[in-house]
Amino acid sequence: MDKKVYVVTQGDYSSYRIKGVYTSRYKARKVLKLHGEDARIETYKLNDMGKYPQNMYPWRVRMDKHGDVQSVNNGSCEYFKEKHSFESNDEILSVNVWAKNQKHAVKIVNEQRVQLIAENQWPEGIQTPFNS
């Protein structure tokens, strides 16, 4: 059974405050009554890390059509909606990936780059050894 915590909060945005964290809903309700109408109880699973790939981390890799890495950054799991996109007049492939480390992230994106070129999915307009 997942353990939960009950967080008594009050306010919104810049006035948002945590008034207390409790392991029982009963205690949270008692404190809630002390803090007025805009106070509320938020419930969270304790130690919940969400459903992310085990031992993997989010990375954002930018790579050109030649395979030269433009940048590699630790990403955020909140931005993993798109499969891939092109930047700078379609010259740069930008991909979010789950990977063990930076080297693994670059390897994954390079494989995607090769597949995009092989399937003629890279936008036209750039003359490279692959499309000239």
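Is Tyr6 buried or exposed? With a relative accessible area of 13%, Tyr6 is buried, where buried means under 20% relative accessible area, exposed over 50% and partly exposed in between, with a 1.4 Å probe and protein chains only. Before going further, note that this is a predicted model, in which local features need pLDDT of at least 70 and side-chain atom pairs count only at pLDDT 80 or more, whereas totals for chains, interfaces and linings use all residues. Residues are numbered from 1 along each chain as its sequence is written, and side-chain values use heavy atoms, with hydrogens and water left out.

**The whole chain**

Colour by secondary structure, and the protein chain shows 2 helices and 7 strands, taken as DSSP runs (helices H or I, at least four residues; strands E, at least two) and numbered from the N terminus. Along the sequence they follow the pattern β-β-α-β-β-β-β-β-α. Of the 132 residues, 28% count as buried. Contact here means heavy atoms within 4.5 Å, and of the contacts with a separation of 6 or more, 53% are between residues 24 or more positions apart.

**Around Tyr6 and Ala28**

Return to Tyr6, which is found in strand E1, and display its neighbours: leaving aside residues up to four places away in sequence, Tyr6 touches several residues, including Gly20, Tyr22, Ala28, Ile41 and Thr43. A C-alpha distance drawn from Tyr6 to Arg40 reads 9.8 Å, across 34 residues of sequence.

Next select Ala28, in helix H1 (residues 25–32). Ala28 counts as buried because its relative accessibility is 0%. The C-alpha atoms of Ala28 and Tyr6 are separated by 6.2 Å, although the two residues are 22 apart along the chain. Beyond four places in sequence, the residues that Ala28 touches are Tyr6, Val8, Tyr22 and Ile41.

**The largest nonpolar core**

Now select Trp59, Val61, Leu93, Val97, Ala99, Ala105 and Val109, which have the most contacts inside the largest nonpolar core, a group of 14 residues. Such a core is a set of buried Ala, Val, Leu, Ile, Met, Phe, Trp, Tyr and Cys residues joined through side-chain atoms within 4.5 Å. Two or more residues come from each of strand E4 (57–64), strand E7 (92–99) and helix H2 (102–118), and H2 gives the most, with 5 residues.

**The largest pocket**

Show Met49, Gly50, Tyr52, Pro53, Gln54, Asn55, Met56, Tyr57, Pro58, Cys77 and Trp98, the residues that line the largest pocket. On a 1 Å grid over the protein atoms alone, a pocket is an open set of points where a 1.4 Å probe fits, with protein on both sides within 12 Å along at least five of seven lines, and lining residues have an atom within 4 Å of a point. About 180 Å³ of space lies in this pocket. Its lining has 8 nonpolar, 3 polar and no charged residues.

**Two loop residues with positive phi**

Most residues other than glycine have a negative phi. Keep Asn55 selected: it has a positive phi of about 60° although it is not a glycine, and it lies in the loop between strand E3 (39–45) and E4. Asn55 is exposed, with a relative accessible area of 59%.

Finally, move to Tyr13, in the loop between strand E1 (4–10) and strand E2 (17–22). The phi of Tyr13 is near 50°, again a positive value in a residue other than glycine, and Tyr13 counts as exposed because its relative accessibility is 80%.

Notes: Grid points are joined across faces, edges and corners, and a volume is the space filled by probe spheres set on the points. Ala, Val, Leu, Ile, Met, Phe, Trp, Tyr, Cys and Pro count as nonpolar, Asp, Glu, Lys and Arg as charged, and the others, Gly among them, as polar.
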